[in-house]
Amino acid sequence: MKIYLNGQTQEKESLQEILEPGFLFGWGVFEVLCAYGFKPAFLDLHTQRLNKSLSILGIEPPKIDWHKEIEGLLSENNLVDAYIRITAYKKRKGTGLIIYVDRFAYYGADTYKQGFKAIISPHRRDEKDQLSKLKSLSYLQNRISWLGAQKNKKDEALVLNTKGFIAGGARSNLFLIKQGKVFTPSLESGAFEGITREVIIRIAKEQGLKIEETDIGRDIIFECSEAFITSSLLEVMPLVECDGSPIGKGKPGEITLKLLSEYRKLLG
């Protein structure tokens with residue numbers, strides 16, 4: 001059977017994988033993480049979240065030795081520090097799994113010195129929808145929000161929930177610092193259950209900082225002294241501007257940089 005693909009006809013059997021339900025309907029999940037010195041950071045936490053998300057979507061978690069396969073892939077590609085993407089998806093029979101690795105050098109030292117600038121996205125996240133909190137292959141709303149930021153020459157888009165509270169970034173979790181206390185959107189308000197978020201909360205507590213997971217109004221961001229966003233790729237990225245107005249002094253703050261330093265100590 002012949003099918004059309006990008007100007008050419010090809011045998012259907014050679015493209016069977018993209019005709020599986022995972023690709024046709026966005027029925028699957030993904031994880032993104034980094035490797036440092038051939039070692040994937042927080043791999044066990046990522047794969048635990050992956051398996052939990054797959055179970056929610058009715059997909060059988062893959063049976064695989066994650067460390068062996070990923071570390072072997074890094075070695076085979078001679079990637080000391082790398083970007084890793086795991087994609088697991090529904091097949092008509094069984095579970096599909098793709099692990100992709102590549103060089104990663106998106107954010108240099110200058111980026112962390114300057115910090116990120118954000119906009120408030122017009123798109124809302126339904127904090128009551130369990131699926132909106134998964135890193136599913138149906139990731140369109142987040143990508144569209146981020147595209148809006150890019151069109152405005154900004155680095156990230158902050159997304160509100162249906163009640164008007166900040167749920168987090170389109171591809172990150174948000175933290176604010178006010179009077180020495182750390183605030184972050186709660187999971188109940190629509191925040192992603194981020195791996196880096198979890199690690200930073202633990203580090204902040206170990207550093208003696210008070211941290212509160214709560215509802216955060218959009219105006220509060222302009223009342224704080226510092227802000228930062230987190231993800232496996234961004235690590236701890238200072239946030240210095242939102243919707244054209246500076247956050248705090250408009251430059252990376254002392255507590256933010258301290259948390260970034262402590263986080264990197266865990267990366268080996």
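How many nonpolar, polar and charged residues does the lining of the second largest pocket have?

Modeller: Happy to! First, a word on what you are looking at. This is a predicted model, in which local features need pLDDT of at least 70 and side-chain atom pairs count only at pLDDT 80 or more, while totals for chains, interfaces and linings use all residues. Residues are numbered from 1 along each chain as its sequence is written, and side-chain values use heavy atoms, leaving out hydrogens and water.

The lining of the second largest pocket has 8 nonpolar, 3 polar and 7 charged residues. Here Ala, Val, Leu, Ile, Met, Phe, Trp, Tyr, Cys and Pro count as nonpolar, Asp, Glu, Lys and Arg as charged, and the others, Gly among them, as polar. A pocket is an open set of points on a 1 Å grid over the protein atoms alone, where a 1.4 Å probe fits, with protein on both sides within 12 Å along at least five of seven lines; lining residues have an atom within 4 Å of a point.

This second pocket holds about 340 Å³ of space, the volume being that filled by probe spheres set on points joined across faces, edges and corners. Its lining consists of 18 residues, and nearest the centre lie Arg 49, Lys 52, Ser 53, Leu 134 and Glu 193. Two or more lining residues come from each of β3, α2 and α6, and α2 gives the most, with 6 residues. Those labels follow DSSP runs numbered from the N terminus: helices are H or I of at least four residues, strands E of at least two.

For comparison, the largest pocket has a volume of about 570 Å³. It is lined by 29 residues, and Phe 30, Val 32, Lys 135, Tyr 139 and Arg 171 are the closest to its centre. The elements giving two or more residues to that lining are β3 (28-36), α2 (43-56), β5 (82-90), α5 (140-151), α6 (195-206) and β13 (226-231). By class, its lining divides into 13 nonpolar, 10 polar and 6 charged residues.

Buried residues (under 20% relative accessible area, 1.4 Å probe, protein chains only) of α7 are Thr 256, Leu 259, Leu 260, Glu 262 and Tyr 263. They pack, with heavy atoms within 4.5 Å, against α6 and β13, among others.

Definitions and conventions. Buried < 20%, exposed > 50% of the residue type's maximum accessible area, 1.4 Å probe, protein only.
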